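Dear colleague,

I am passing on the structure we spoke about, and below it you will find notes on what turned up in it. Please read them with the coordinates open beside you.

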Amino acid sequence: MSAATARRPVVIIGAGPVGVTAALLLAQRGVPSVLLERHRDIYPLPRAVVVDDEVRRILQSVGVHEEFAAVARPAPGLRLLDPRRRVIAEFPRSLHGPHGFPQTSMFDQPELERLLRAALKRRPECELWGGVEVVSVTQDTGGSHAPTGPVRVTFRRDGSDEEEHLWADAVLGCDGAGSLARDAIGAVWEDLHFEESWRVIDVRTSLPVRTWEGAEQVCCPTRPATFMRVGGDRYRWEFRMAEGEPLDGPQGLERLRELVAPWVDLPSDGSLDDDFEVIRQAQYTFRARLADRWRRGRVFLLGDAAHLTPPFIGQGLCAGLRDARNLTWKLARVLRQGADERLLDTYEQERKPHARHVIRLAVAVGWAMTGGQDRGAALRRIVVGAACRIPGVTATVSRDLSPALTAGPLIRRRPRLTGRSLPGTFCPQPWVLRGGRQVRLDDGLGDSFTVLTAVPPTAQMTGVATALGAPTVHVGELSDDGTLAAWLARGRADAVLLRPDRVVLDTVPTGAGGFTDTAAWAPLLHTTRRPAEAQPAP
């Protein structure tokens, strides 16, 4: 079959961090994919600079966390400053979060992309086609969610007017804010009411810089700003700027000097040379938006194609990588094992409310700290500063950047009078002993479903594990530091069923002897039809 008419299980549009991570996660489950990317090389300039410990865990799952650790810098958190740079509040982030990594890591996005693409080259299941422009995505769905056939992706290669086609069992739209895939499924933006123009300035300097090692948010009605050391001699400033405020030419250089003066003293003679190199400066419009639908048939939206997040809490890229982790194990189970098509509906059901929460939190920080020049803005800053002095508030805000998933077919949550409801939350990741060596929990368990228990497994627990092809692991066998047993005890659970993404699907309550909600989730996971790969190509 020629490339112009080939069939691929999955076509991924866009080979940024989200698209490549999705391809790697699918490859681990035996699902081949081809990535179509209009650029031939990695975009060389910095963009995202922050990830959290949950995303570090995702990078662990695709095998690049050791290399990433070598290029990342742990950061202690976020400080909110008044216009005179006095601390209003501090949101600390642990250097060892519950996922087993620093809760905040600074990095340079091109370095992360190089690591991910190097991993991609090691996977024969993945193909990357650069210099390709996708023209259209079409499918016969017979309704909003009822796939009746493969998806056709039409594209052109650089320098050619000839249109070629790929047929796919699924298409992942990782093609950014101007997503063609979003248009193809008829999705439109929901405006979450934040839009501001900011100038982002990335600098390399050998000059002394007055900095805290975390991020700084200057809360000023006339000139709000964000500042952080990315790593080594790399720094980033972000300033809200009015239209027509250039930073180019002699006049722009003087303006730049005024902007960065609280942090670094530039030479008075106007020369910068190599002492202060502006790597990139770009004007961005920070927006808060959410696509009204993330799926139609077998076309899915991920990352900026599905949601746009203001950068104030550093969750833009994080949200896209969470999309990839959530969707890929479900898609692989449908394609490889013939699981119920309704399993794919849970992607949007779980990720969309989570993304909405994160966007609203970012908007709240944006408006409360930098939003507007009215009296209300000043009052909001005073209120936030007072609230952050209440014991426990800053710790709670820091912890809840990524909340538990909301209830759904795979998240069976119920209120508890005591203890914490575990379904929808992540299993913590301590170091454990497996095969005579210390490893992180996920590396010891593998990437399948897992029954994790603090009691001898009952017949019902063993039956669930067998049906899912899941190992049953007693926490006593892991020789951790007590984290897992304490976590189960706080959740009043004898055992939990972990999904492949390490989210708790179901629990065995203390003394119950069995999982409580199998009737709700089991039909979605068990094979109900032939896998798509066994169906004839068009």
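In which sense do strand β13 (residues 215-218) and β14 pair, and over how many bridges? They pair in the antiparallel sense, over three bridges, where strands count as paired if DSSP finds at least two bridges between them, and where strands (E, at least two residues) and helices (H or I, at least four) are DSSP runs numbered from the N terminus.

Before going further, please note that this is a predicted model, in which local features need pLDDT of at least 70 and side-chain atom pairs count only at pLDDT 80 or more, whereas totals for chains, interfaces and linings use all residues. Residues are numbered from 1 along each chain as its sequence is written, and side-chain values use heavy atoms, with hydrogens and water left out.

Within the pairing of β13 and β14, Glu216 stands opposite Phe227 in β14, and the two strands form a hairpin with six residues between them. On to the next strand: β14 also pairs in the antiparallel sense with β15 (residues 234-240), over six bridges, with Arg229 opposite Tyr235 in β15. This second hairpin has two residues between its strands, and Gly232 in the turn has a positive phi of about 55°. Six of the seven residues of β14 (residues 225-231) are buried, so this strand is largely enclosed by the rest of the structure; buried means under 20% relative accessible area, with a 1.4 Å probe and protein chains only.

A separate open sheet has three strands in the order β3-β7-β4, with antiparallel pairing. Its edges are β3 (50-52) and β4 (73-74), each with a single partner strand, so one side of each is left without a neighbour in the sheet. β3 and β7 (residues 104-106) pair over three bridges, and Val50 stands opposite Met106 in β7.

The structure also holds one cavity of 30 Å³ or more, a cavity being a set of points on a 1 Å grid over the protein atoms alone where a 1.4 Å probe fits but cannot get out, with lining residues having an atom within 4 Å of a point. Of the 16 lining residues, the closest to the centre are Glu54, Arg322, Leu405, Phe426 and Val503. Leu405 lies in the loop between α10 (393-399) and β20 (431-434), and is buried, with a relative accessible area of 8%.

With best wishes

Notes
1 Å grid on protein atoms, 1.4 Å probe; cavity = no way out; pocket = protein on both sides within 12 Å on 5 of 7 lines; lining within 4 Å. Points joined across faces, edges and corners; volume = space filled by probe spheres on them. Buried < 20%, exposed > 50% of the residue type's maximum accessible area, 1.4 Å probe, protein only.
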